[in-house]
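Hi everyone, thanks for making time this morning.

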Amino acid sequence: MTANYEQMAGRLMVALDYPDAGQAKELVRKLEGIPCYLKVGMQLFYTAGPEFIKELKSKGYRVFLDVKMHDIPNTVKGGAHSVTRLGVDMFNVHAAGGAAMMEAAKAGAEAAVADTPGLAMPVIIAVTQLTSTTQAVMNEEIGIPGAVENTVVRYASLAKQAGLHGVVASSLEVPAIAAACGDDFKTVTPGIRPAGADIGDQARVLTPGEAIRSGSHYLVIGRPITGAADPRQAAEQMIEEMIQA
């Protein structure tokens, strides 16, 4: 493997969006040897639980636990403490929970690291606006006025002030986030689709190459890989497009 391949593969987050551990393990088997991140979301975590996270970590994978915590600060602090002790490399909260809640998430993770020798501090990121959210939905249903990009940048700035490491956002908003928060502020970008692919329930999408050129640090890709006839080939094609970008 070239250094460039390993670097780009490490920026690919494959979403294990499955209803049970058996199907997820089958995909992991097919991807064996590709040094990508693995994202475990609510559906899989709620059925497979902490033991599945521990199994992935035992195989050497970096794990993004995508459960989008959003609750009162004390509850989020406890949740952050628990998931940090699992050894996850990244987890997220909703920026809409406010600065105190985000600060509590960081405090919970720091307490877990302090209590557990050898445990590394995870990357903590905040969800700004889901990539399925259109301007109309944000304005008329969620009740936030203005442009989506403005809301995303405001939430990103709040997350940085709270001491978090980055945000979840569309790649379309990454340049504005970098301008407001700096190039080192991590951007994790779902809504990635190859050219010509079905966008499904996503609204704000880019191709892998476009996302890398926009400055995205990590690309979350699910169905274009998990739903492919050959998931390994699909993942390799994504990485190649990222390298060529």
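Let's begin in strand S2, residues 37-41, where you will find Lys39. Please keep in mind throughout that this is a predicted model. So, is Lys39 buried or exposed? Lys39 is buried: its relative accessible area is 7%, and the cut-off for buried is under 20%. What does Lys39 touch, once we leave aside its neighbours within four places in sequence? Its contacts are Val14, Ala15, Leu16 and Asp17, then Phe64 and Asp66, and finally Val220.

Now for another lysine. Lys68 sits in strand S3, which covers residues 62-69. Its phi is positive, about 45 degrees, although Lys68 is not a glycine. As for accessibility, Lys68 has a relative accessible area of 21%, so it is partly exposed.

On to the helix pairs. Two packed helices are described by the angle between their axes and the distance between the axes, so let me give you both values each time.

Take helix H4, residues 73-85, and helix H5, residues 99-115: their axes cross at roughly 35 degrees and come within 7 Å. The crossing is right-handed. On the H4 side, the contact is made by Pro73, Val76, Lys77, Ala80, His81, Thr84 and Arg85.

Next, helix H7, residues 148-161, packs against helix H8, residues 174-181, at an angle of about 40 degrees, and the axes are 9 Å apart. That angle makes H7 oblique to H8. H7 passes H8 in a right-handed crossing. Who makes the contact? From H7 we have Glu149, Val152, Val153, Ala156, Ser157 and Lys160, and they meet Ala176, Ile177, Ala180 and Cys181 of H8.

Last stop: helix H11, residues 231-244. How far apart are its end C-alpha atoms? With 14 residues at 1.5 Å a residue, H11 should span 20 Å, and the ends are 20 Å apart, which agrees. The buried residues of H11 are Pro231, Ala234, Ala235, Met238, Ile239 and Met242. These cover an arc of only 135 degrees around the axis, so they lie on the same side of H11.

That's my tour. Happy to take questions!

Methods
Residues are numbered from 1 along each chain as its sequence is written. This is a predicted model: local features need pLDDT of at least 70, side-chain atom pairs count only at pLDDT 80 or more; totals for chains, interfaces and linings use all residues. Side-chain values use heavy atoms; hydrogens and water are left out. Helices (H or I, at least four residues) and strands (E, at least two) are DSSP runs, numbered from the N terminus. The expected span of a helix is 1.5 Å times one less than its number of residues. Buried means under 20% relative accessible area, exposed over 50%, partly exposed in between (1.4 Å probe, protein chains only). The arc is that of the directions from the helix axis to the C-beta atoms. Axes are lines fitted to C-alpha atoms, for helices over the stretch in contact, and angles run from 0 to 180 degrees between N-to-C directions. Angles under 35 degrees count as roughly parallel, over 145 as roughly antiparallel, 65 to 115 as roughly perpendicular and the rest as oblique. A crossing is left-handed if the near helix is turned anticlockwise from the far one by less than a right angle, and right-handed if clockwise. Contact means heavy atoms within 4.5 Å.
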